Every structure is written in structure tokens, then in C-alpha cells.
Amino acid sequence: MPTQLPTPPVALGRPALPPSPFDPDVVPALEALAASAQPPLSEDTLALMRSGGPVFPDSDTIARQHALTAEELRIPGPAGAPELELTVFRPAQTSPVALPILVNFHGGGMIVGHRSWEHDRVADLVARHGVIGVNIEYRLAPEDPFPAGVEDNYAATSWVAEHAAEIGGDPTRLVVMGGSAGGGFAAAVSLMARDRGGPTLAGQLLLCPMLDNTNSTVSSLQYDGIGTWQRDANLLAWRCVLGADLAYSEQAPEYAAPSRANDLSGLPPAFIEVGAAEMFRDEDTDYASRIWAAGGQAELHVWAGGCHGFDMYAPTAEITTAALAARDSWLRRIIGGGSHD
């Protein structure tokens, strides 16, 4: 019999359905996370999580580690909104030709996080592919609920496309990307760019993207209380972003939750990666299937045993090595050129 979900969805703190097992290589990271004294994410602990989380290296430090340059920029935000902060990573040697551009939106459920969390991911791609990487800062919920974050990211992407020549980039080879909430933003920005007549995007690199606000899939019930990003945190995030009335509703705006989009035609080629052992598995595989059904192009990778963000939690795992190779292959096919290993 199909599982009957309570309305509105609740987190029970334990899987309502048997979970698909984790890869042995990621289990030590999950055990360490479970043993940590970090309080669970909630409305009451949001401020603590933002101020008391791990400290990540600044852009100059990351640039030196990868033999790159880093530049901090402030650009206009959406109409009536604050300025936006961007970090631009470039190869150290000036290129005689305009380079492809990767625009990254950081993860954190749209409620926590900072672009410095993903400086290393962006810089690594810049170093290995000889591209320009732009890492975006955007407003977080609940202080700034939908549409603040996605409008920030659309405005930043539009600015990068319009000013590509100034940063040494090629606007015809611009890829939006992100992990988790960042992947959801990349999917939403792709929808907005299609609907608003630009900018033209070469691709969307969606890493375990956060797409579905309803929390109604099988996998969303399998990872309640276990894994990295869990059901209770996801319910909180959508409540912060959309408010109580729309948090889990099928009537939520598609630019907030791209799974709500009725039309997935006319989108840039998508790369969708997700772990088989995480709550976003089913919404991500469904999104790829619906792109195909609309005549679009999507490449889907579901990594057996992978938890949410397995590449960051288990960087030496075999599935991480395979996942990074798959990303690199897709990027080479989308933007041209080869890795600079």
C-alpha cells in the first residue's frame, strides 16, 4: 500500500520506510556527525549555526593553494535590494581568449551557509578546467524569504553574463551550478532565464539539488533522523523560505521549488547528481525524467550508498572519485577543452 503522509508533513526522527544502505566509505563520517555535540537545526538554533559553525579559508588563501587569483566584487542587487558580494577566481596566467564561466550558488538549505563554504570546490574546478569561477553570496531565509535568495542569484547571473568581458569570460559558455540549496537555485535560475529571455545558459550543474518542497517522496521518509541533511532540517528550511501556508504545498512557486514547474522544456542541458542514500534522491531523479519527457537534455548519476553531500563528507571514497570524474566529463562536453590536471 502507498505510504500515507500526515498533513502537514512531520519529522518523526526515525525512518518511516527502510532506508537504502550507506556506502561503507561514508559511514565513518556519518558516525562522527552523529557523535558530535552540535545541536539539531531549528528556528532556535539558526543563529548559533550561522555564527558557530566551522571557519573556512578566505578567498586569498584558497587562491594561493590552487595557484589562482581571487577578486572580491560588489555589484547591484535586484531592484530595491542590497548590493551583492561575489568572489571571482581566475587562472593565474591571463588567457588570450575569453574563458568559460561557472557561477556557483552555495548550499545550506537556503537558511544557513556562506560562499566561503564552497570556495575550494569552485577553485578546484577553475584550476583543473581553466575556467573562471564566480561564487555568489545571497540573502537567507527566514529574514529574507522567497523570492529574495533566488532573485539575488538571478541578478548575479545576469550581471556576470552582461559583464563577462570585464572578468575575462565568455558569456556563451556560462554554466550555473550548486550543491543542495545551491543546486535548487541553479535549477530555478535556469527556469527564470528561460522565462525572462536571458541570460543564455550553456548548462546547469545540479549536485544533490533541493527541488521539492512537499517532502512527499519515498526517499524523504527513508532519511528521517539519519544521514547528513535530514527530514527535520528540510521541513524547517521550506517553512523558513515559504512560510507556513506554502511550505509544503503543491501550489508553491516554481522559482522557489523547481519541482513545482509544469513546463521543463527549453532549459539548458542539465547534469544531475544525487546519492541513492539521501532524501533528495527521488525528487532529483524525477526532475531528470521530466526534462527528458519535455524533450530536453539531462545527464543523471545516482551513486549507490551516497549520503547527501558525500563528496564533501567522504572526499577519499571511491564513489567520490567516480562522481568527480563524471562531473569533469560533462563539463568538458558542455564548455569544451580538457582538464588541466
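Buried means under 20% relative accessible area, exposed means over 50%, and partly exposed is in between (1.4 Å probe, protein chains only). All the close-ups below come from a predicted model, where local features need pLDDT of at least 70, side-chain atom pairs count only at pLDDT 80 or more, and totals for chains, interfaces and linings use all residues. Residues are numbered from 1 along each chain as its sequence is written, and side-chain values use heavy atoms, with hydrogens and water left out.

**View 1. Glu273 pairs up with Arg327 in a salt bridge.** That term stands for a side-chain nitrogen of Lys or Arg within 4 Å of a carboxyl oxygen of Asp or Glu. Here the closest N and O atoms are 2.7 Å apart. Glu273 sits in strand β7 (residues 270-275) and Arg327 in helix α11 (residues 318-335), so the pair ties together parts 54 residues apart in sequence. Helices (H or I, at least four residues) and strands (E, at least two) are DSSP runs, numbered from the N terminus. Arg327 is buried at 7% relative accessibility, and Glu273 is buried too, at 3%.

**View 2. Glu85 meets Arg74 in another salt bridge, 2.9 Å from N to O.** Glu85 belongs to strand β2 (residues 84-91) and Arg74 to strand β1 (residues 68-75). Glu85 is partly exposed at 29%, while Arg74 is exposed at 53%.

**View 3. Cys208 is in no disulfide.** A disulfide would be a pair of cysteine sulfur atoms within 2.5 Å, but the nearest cysteine sulfur, in Cys307, is 9.0 Å away. Cys208 counts as buried, at 10% relative accessibility.
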